[in-house]
Amino acid sequence: METIRKQYQQIIEENFEENRSAAFRTRDYLEHSSVAYHGRCVRTLQIPKIFTPETAGQYEQIVTVTYHIFQKIIREYLDNPAYRKLFPFSPELEELILTPRLYDSLLPIARFDIFYNEENGSFRFCEINTDGTSAMNEDYVLNQALELNPAHQEMKKRYRFRQYELYDSWVKTFLDIYGTYEKKVPHPHVAIVDFLENASITEFEEFQRRFEKAGVSCEICEITELTWQDHRLCSPTGQPIDAVYRRAVTADICKNMAQIQPFLEAVRHQDVCIIGAFCTQIVHNKWLFKIIREEPTLSLLSQEEREFVLEHFPPTYLLDGEDCDLEEIRKEKDRWLIKPLDSYGSRGVYAGCDDTPEQWKAHVDACLGQGYIVQEYCPPYRTGNICFVEDAVFKEYTNMSGLFVYDGKFAGIYSRLSDGGIISSQYNEKAVASLVAEPV
């Protein structure tokens, strides 16, 4: 992978002005594309993320092992009341989690974000996204934008590149899962449901087109405007809904329960197929990182799975003054991250390595006892890249790979980088196209 990256860099350095001009054309292209919404636009770098078939194969194996572990944890939560008590969920959320799905899959869709070391193949998990899993559209558009990238056009003469298809493959997976639903109907009407003010609306529109291309009626729905009557959940247009592609994250649902009672009543009465069901929250919540390394969770796993967990899930503690050593955390700031138990978009995440000692102490004190975890920091692997629209110099960027998982199968990669200690969508995040390369 580094050999390929260096080839890109050499081409760029030898054709600097051509690539600089192309970078600004790419920026303009993105700003007028479907990755520009809610007043922000994806920012990118000049070198895409190129994976070897061997690395892609390792990612597939990571997904397979991790998914099996998560299945065991979810089943134990659903089946064992004593195990349930170890999780920090409210009674209202527990009720939703325990509501039967009536289909086979425990975890229909997810994105496993990892820090992967390209030199030795070691890795650690950063976070697990289930409900609301997104960024398929970003990879799709960034791959389209590579047509404007002269360095990539030159590299296409040397390698065969393969991108991951993340739309039609999810539609097929969704429909396959729906095919196991106990109350399925021959021609379901699908609703993509979210709080639309927070939604990746252009991504939803592309998914809607792909459902319709597959011959499935589909609409995008504001979750607060759904109605429930005579045991039918209906869209704002009055159309009865048979299956929901849930993009509304559980944290937002829990904050707004009073505004979405029709949707919740349909869930409680099992009047609509929800993909994914609320049991996905068991592994979405960052409490997972604490409980997965402890008993009784470890007893659920095989010896190989226990070793996998202890090696790849970083030590994690509740930031409450009892579960962790506060003095050690305050003194050794570069060893630690602070994260909220249930959030998204890197909100409320603090890395000690990015803080002064005074800033770190203030963050620890402000988050203490407020529903945060403290987690051992994994220094991400860094690679050279260049952002022409900012400083136009090659420098080192941290890397994170998001592994898309469709019903337990590895489906693709979302590649993000930053020039800081953490990758934050609010501040320093860059995204690049992900491709697998083989020599021509």
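This predicted model holds 37 salt bridges, where a salt bridge is a side-chain nitrogen of Lys or Arg within 4 Å of a carboxyl oxygen of Asp or Glu. Residues are numbered from 1 along each chain as its sequence is written, and side-chain values use heavy atoms, with hydrogens and water left out. Since the model is predicted, local features need pLDDT of at least 70 and side-chain atom pairs count only at pLDDT 80 or more, while totals for chains, interfaces and linings use all residues.

## Charged pairs

| Salt bridge | N to O distance |
|---|---|
| Arg 20 and Glu 17 | 3.3 Å |
| Asp 168 and Arg 210 | 3.2 Å |
| Glu 390 and Lys 430 | 3.3 Å |

Let us begin with Arg 20 and Glu 17, which sit three residues apart in helix H2 (residues 16-31), so about one helical turn separates them. Helices (H or I, at least four residues) and strands (E, at least two) are DSSP runs, numbered from the N terminus. Arg 20 is partly exposed, at 29% relative accessible area, and Glu 17 is partly exposed too, at 48%. In these terms, buried means under 20% relative accessible area, exposed means over 50%, and partly exposed is in between (1.4 Å probe, protein chains only).

The salt bridge of Asp 168 with Arg 210 links distant parts of the chain: Asp 168 is in helix H8 (residues 168-178) and Arg 210 in helix H9 (residues 201-213), 42 residues apart. Asp 168 is partly exposed at 25% relative accessibility, whereas Arg 210 is buried at 12%.

Glu 390 and Lys 430 also join distant parts of the chain, 40 residues apart. Glu 390 belongs to the loop between strand E17 (382-386) and strand E18 (394-406), and Lys 430 to strand E20 (residues 430-432). Glu 390 is partly exposed, with a relative accessible area of 42%, while Lys 430 is buried, at 2%. Elsewhere, salt bridges that share partners gather Glu 165, Asp 168, Glu 206, Arg 209, Arg 210 and Lys 213 into one network.

## Cysteines

How many disulfides are there? The count is zero, taking a disulfide as a pair of cysteine sulfur atoms within 2.5 Å. For Cys 218, the nearest cysteine sulfur is that of Cys 221, 8.3 Å away. Cys 218 is buried, with a relative accessible area of 5%. Cys 324 is in no disulfide either, as the sulfur of Cys 367, its nearest, is 12 Å away. Cys 324 is buried at 11% relative accessibility.

## A covered hairpin

Next, find strand E5 (residues 123-129), where seven of seven residues are buried. Strand E4 (residues 109-116) runs antiparallel to E5, and six bridges join the two; strands pair if DSSP finds at least two bridges between them. Across this pairing, Ile 114 stands opposite Phe 125 in E5. Six residues lie between the strands of this hairpin, and Gly 121 takes a positive phi near 80°.

## The nonpolar interior

A nonpolar core is a set of buried Ala, Val, Leu, Ile, Met, Phe, Trp, Tyr and Cys residues joined through side-chain atoms within 4.5 Å. The largest one has 123 residues, and Phe 70, Phe 125 and Phe 263 have the most contacts inside it. Helix H3 (residues 53-79) contributes the most to this core, with ten residues. Leaving out residues up to four places away in sequence, Phe 70 touches Leu 107, Phe 112, Ile 128, Val 283, Leu 288, Ile 292 and Phe 313; contact means heavy atoms within 4.5 Å. Another core, of eleven residues, lies apart from the largest one and includes Cys 324, Trp 360, Val 364 and Cys 367.

## Aromatic rings

The whole structure has 27 aromatic pairs. Rings of Phe, Tyr and Trp (its six-membered ring) pair if their centres lie within 6.5 Å; planes under 30 degrees apart count as stacked, over 60 as edge-to-face and the rest as tilted.

Tyr 59 and Tyr 116 form an edge-to-face pair, 5.1 Å centre to centre with 85° between the planes. Tyr 59 lies in helix H3 and Tyr 116 in strand E4, so the pair ties together parts that are 57 residues apart in sequence. Tyr 59 is buried at 0% relative accessibility, and Tyr 116 is buried at 8%.

Phe 174 and Tyr 245 are edge-to-face as well, at 6.1 Å centre to centre and 65° between the planes. Their pair links helix H8 with strand E11 (residues 243-246), 71 residues apart.
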